[in-house]
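Welcome! Take a moment to look over the sequence and the model, and then we will walk through them together.

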Amino acid sequence: MTDERPPGVPETIATYLRLRGLPLSKAARRKRQRRGDPEGSLPFTKGRDPGTLGDAISALTTSSGWTPQLEREELALNWETIAGAENAEHSHIETFAQGLVVVRCDSTARATQMRMMRAAFLTRILEVYPEAGVKEIRFFGPDVPTWKHGFRRVQGRGPRDTYG
């Protein structure tokens, strides 16, 4: 093997320069064709400017299908802007399931009041969070304990005037 390197050029650089002139392998040619980049990446050409982080995250969430879930989470976090400060103080979103939002209220009276304003809440949600997939809202009062425990219980309605 003859040493063809110019004087003063290290052997590693001479080897690199010699190999750079060789034709590409079949695998490398296929990879380059798949990429659609025949001559490699050229500086100062169109599409070389970096994008913003927000655009990159937006593209990621859209391509991954995370947008509806993120909108529902944002709705739960910003419930106060939808319901108003006073209503949000006495209620919270409990679950999301197949277009249904379940809201738990502190009292039965508050749940009844919010049921009457259901159309306004749903309209506001659809305006602000259209990708959340909300189709219906249900309002419930506080959970009360059941008095029907065990197999030796007396039939009837249970205690009255205890909650409400």
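Which residues does D106 touch, not counting residues up to four places away in sequence? D106 touches E89, H90 and P142, where a contact means heavy atoms within 4.5 Å.

## Before we start

This is a predicted model, in which local features need pLDDT of at least 70 and side-chain atom pairs count only at pLDDT 80 or more, while totals for chains, interfaces and linings use all residues. Residues are numbered from 1 along each chain as its sequence is written, and side-chain values use heavy atoms, with hydrogens and water left out.

## The chain as a whole

The protein chain has 8 helices and 3 strands. Both kinds of element are DSSP runs numbered from the N terminus: helices are H or I with at least four residues, and strands are E with at least two. Read along the sequence, the elements follow the pattern α-α-α-α-α-α-β-β-α-α-β.

Of the 164 residues in the protein chain, 18% are buried. Here buried means under 20% relative accessible area, exposed means over 50%, and partly exposed lies in between (1.4 Å probe, protein chains only). The chain exposes about 13,200 Å², and carbon and sulfur atoms supply 55% of that area. These areas come from the Shrake-Rupley method with a 1.4 Å probe, and for residues only the protein chains shown count as cover. Among the contacts in the chain with a separation of 6 or more, 53% are between residues 24 or more positions apart.

## Around D106

Let us return to the residue we began with. D106 is found in the loop between β2 and α7 (108-116), and with a relative accessible area of 46% D106 is partly exposed. D106 and D143 are 37 residues apart in sequence, and their C-alpha atoms are 9.2 Å apart in space.

One of the residues that D106 touches is E89, which lies in helix α6 (residues 85-89). E89 counts as exposed because its relative accessibility is 60%. The C-alpha atoms of E89 and W79 are separated by 9.7 Å, with the two residues 10 residues apart along the chain.

## Salt bridges

How many salt bridges does the count come to? The count comes to 5, taking a salt bridge as a side-chain nitrogen of Lys or Arg within 4 Å of a carboxyl oxygen of Asp or Glu. One of them joins R104 and E94, whose closest N and O atoms are 3.1 Å apart. R104 lies in strand β2 (residues 100-105) and E94 in strand β1 (residues 91-97), so this pair ties together parts that are 10 residues apart in sequence. R104 is buried, with a relative accessible area of 15%, whereas E94 is partly exposed at 38%.

R104 also meets D143 in a salt bridge (3.1 Å, N to O). Because R104 lies in strand β2 and D143 in the segment after β3 (136-140), this pair ties together parts that are 39 residues apart in sequence. D143 is exposed, with a relative accessible area of 63%. Another salt bridge links the side chains of E136 and R138 (3.0 Å, N to O). E136 is partly exposed at 33%, and R138 is partly exposed at 37%. Through salt bridges that share partners, E94, R104 and D143 are joined into one network.

## A buried charge

Next comes E71, found in helix α4 (residues 67-77). E71 is buried yet has no salt bridge, and the nearest side chain of opposite charge, R72, is 8.8 Å away. For charges, Lys and Arg count as positive and Asp and Glu as negative, while His and the chain ends are not counted. Leaving aside neighbours within four places in sequence, E71 is in contact with Y129, P130, E131 and A132.

## Patches on the surface

Which residues gather in a patch of positive charge on the surface? They are K26, R29, R30, K31 and R34. Patches are made of residues with over 30% relative accessible area and no salt bridge, joining like charges within 9 Å and nonpolar side chains (Val, Leu, Ile, Met, Phe, Trp, Tyr) within 5 Å. The place of a charge is taken as NZ of Lys, CZ of Arg, CG of Asp or CD of Glu. K26 is found in helix α2 (residues 26-35), and K26 counts as exposed at 60% relative accessibility.

A nonpolar patch on the surface is formed by I13, Y16 and L17, with about 300 Å² of accessible area together. L17 is found in helix α1 (residues 11-20) and counts as partly exposed at 43% relative accessibility.
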